[in-house]
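Dear colleague,

Please find the structure below, followed by an account of what was found in it.

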Amino acid sequence: MKKHTGFVTSAVIMLCILWLAEISAAAQAAQRRIAGKPDLNGIWQVLNSASWNIQDHNGELGVPPALGVVEGNEIPYRPEAVAKKQENYGKRATADPTEANCYLPGVPRITYMPFPFKITHTPNNIAISYEFNHTLRPIPLDGSPHPETPEENWMGISRGRWEGDTLVVDVRNFNDQTWFDHAGNYHSEQLRVTERYTLMDPDHIMYEATIEDPKVFTRPWKMSMPLYRRKDPNARLLEYECTYYLQEKIYKDAPFFR
Amino acid sequence: MKKLSVLITGLGLFLVALPLAAHHAFAAEFDVEKPVKVTGKVVKLDMVNPHSWLYVDVTEPDGVLTHWRFELGAPNALFRLGWKKTTVPAGMSVVVTGFAAKAGGPVANGRSVTLASGQELLSGGSNPPK
Amino acid sequence: MTSKLFRVTITVVLVITAVSLISASAYAQARAANATANTLARTPDGQPKIADGVWNRRGVGGLDQGALEAPDHRPENPLDPTPANPLSVSTRADGLNNVDRGFLEQFSEKLGAGGDDDRPAPRGERRLMGIAEPGRILPWKPDANAARQAFLLKTNPAQGLKYVEMDARCMQPGLFFGNGPFQFLQTEGQVTILSEYQHFTRHIYLDGRPHLPKDIKMFMGDSIGRWEGNTLVVDTTNFNGITAYSREIPYLTDALRTTERFTLTNANTIDYEVTIDDPNQFTRPWKVTGQYTKADDLPELLEYACWEGSITLRNILGEPPRK
């Protein structure tokens, strides 16, 4: 038997190499692709406190503490634009368009609301459906220009394109009505947001949003945060009908004419 | 006659001030037997869902000023019919056709709007068949 | 075994193993490639492909008129003229039936200008739409019908928040009130329907999962579907009891269960049929036929912001007192 040892050893090594090659091929197949691009389908959610305040903040009753999601933690307001942020902060309990009034949160705040969202990704379309107030963002990938709708939009109008394996979404035609967070950070109708979604591994997307608004800020600035795949076996969107709950509260004793 | 028309106008304004349920049912709110056509100056265009509203000030031959309002389609419907933000600026002279509200008063479901340029735009709202 | 035979045996085993591994991998890749080449009519996971783009819907959501107009209330389906409702069908000079426009709209033939967005209905086969079965009178339970009549009497003017139409409240409409425009997206094991109206999403799961627990109630319900040939069959439960079928049928209760059939008849047409089963209000289920047609003149869904800045409830119910 001894004279066959070398032969058997090399046979075993060859089998191991073939087995590893097969494992690697299977692993590549597991990184799924849609028309050649990383498959972003699934239910995702942030794990941070950005919807309360996108900058560093301590805890308060009802507000978890967090380090900010803004690069450099600085929001470069124009000198004349800072006062409005302070004013917003002071009246945030009633003036926050989203928390107080259940209005559409705009972009990127909708991403970091503490609710799950579903990315539906097909070869020609991306759509993101958010559990918060059933918000919906269709994101065409057809490269068409943004339409000039007569009214500016709460969620803007989105156009998506792939840069390598990163989904880049160009969002424009915003109105000036939304806030970036409950702390009153705001923008004008000149806002333009560029989102980047990059799949880091099958269960994490690195999300970046670059903010440009020359009317309010002195330069573009950026937020970034991971998006975590919801792994619960029964993960799905349910309904958080903010508007319905608010109406039931405000108009409980209606009608008010007498 | 002037007093009567002022009275009717006043009643109309009063009726307009009453709450109106917002819904799509043409026949429940407007009367296909009562077509209207007015010429006046645009006050403003309110683009809201589910129905936009066009406010037009109409001066009668006898000098009486009536504040008309016309129900148009949803903002997206208007956009798809070619309306832009600048289509009806305040002060523009327009001719509006439509069907009067069953409740009476200077309220109507708009059918078409003819701009100062002569261009006619459809309203995008609920309408009876021609 | 001799040494030579041993070596030959091992070599043969190795070769067979290597060839099997390599060819299995190649076969899998070839199958995947074949699937890609055949996606003209199928999605990668084998579903019949619904065309990309925007779709309109007709025929669903009842007549565009109020039940309060006539004391004897208009029938839900005016197909059959009766002495009680002579206006339901009669012929006008232009040959069109003298019915409410809302009903006329439900025939898929060219109507001319007019309509919620003033675009003509698409030309095509004449397909009778609206309430198909049992027909003009729905199988109401008498108590439930009395309750809904009493409810309708309190809606104009609205005597409370619950009497305000869900459309005016900017709520998700359920499956019937509101006709899109829509988009259909298909991914593995799911069909996702996007609606511009009220910016909602319908998630239809094809993986055979059970329905949600009964206590979870939603405006849009919980939809489980399967493909039968070119027909998507969708079973929906877990409704919340406050969505309307139409203006005349202001709510379907939380006992509602619907079965929808979306049949792809050609690239631009989906014949739609839904069975509506609300045992709290009706003695048996009833059926509605409708149709989705591709809207080639609508390139995309736009934003429909309804509650944002809305003064409708203030107009209808008055200004709430300040705290």
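In which loop of chain C is Asn238(C) found? Asn238(C) is in the loop between strand E7 (231–237) and strand E8 (257–266) of chain C; helices (H or I, at least four residues) and strands (E, at least two) are DSSP runs, numbered from the N terminus.

Before going further, please note that this is a predicted model, in which local features need pLDDT of at least 70, side-chain atom pairs count only at pLDDT 80 or more, and totals for chains, interfaces and linings use all residues. Residues are numbered from 1 along each chain as its sequence is written, while chains are lettered from A and ligands numbered from 1 in the order in which they are written.

Backbone features

Most residues other than glycine have a negative phi, and most peptide bonds are trans. Asn238(C), however, has a positive phi near 60 degrees. Asn238(C) counts as buried because it has 20 C-beta neighbours inside 10 Å; a residue is buried if 20 or more other C-beta atoms, placed from the backbone, lie within 10 Å of its own, exposed if 12 or fewer, and partly exposed in between. Ala35(A), also not a glycine, has a positive phi of about 50 degrees. Ala35(A) is located in the loop between strand E1 (33–34) and strand E2 (37–38) of chain A, and it counts as partly exposed because it has 14 C-beta neighbours inside 10 Å.

A cis peptide bond, with omega near 5 degrees, leads from Val107(A) to Pro108(A). Another peptide bond that is cis, with omega near 5 degrees, runs from Gly180(C) to Pro181(C). Pro181(C) lies in the loop between helix H3 (142–153) and strand E3 (182–187) of chain C.

Chains A and C

How many residues of chain A are in contact with chain C? There are 44, and they meet 45 residues of chain C; two residues are in contact if their C-beta atoms, placed from the backbone, lie within 7 Å. Helix H1 (5–30) and helix H4 (242–250) of chain A are among the elements that each supply at least two residues of this side of chain A. H1(A) gives the largest share, 7 residues. Within H4(A), Cys242(A), Thr243(A), Tyr244(A) and Gln247(A) are buried. Helix H4 (312–317) of chain C is included in what covers the buried residues of H4(A).

Confidence in chain B

Confidence in chain B is lowest in helix H1 (residues 2–17), at a mean of 35, and highest in strand E2 (residues 53–59), at 94.

Note on methods. pLDDT = per-residue confidence, 0-100.
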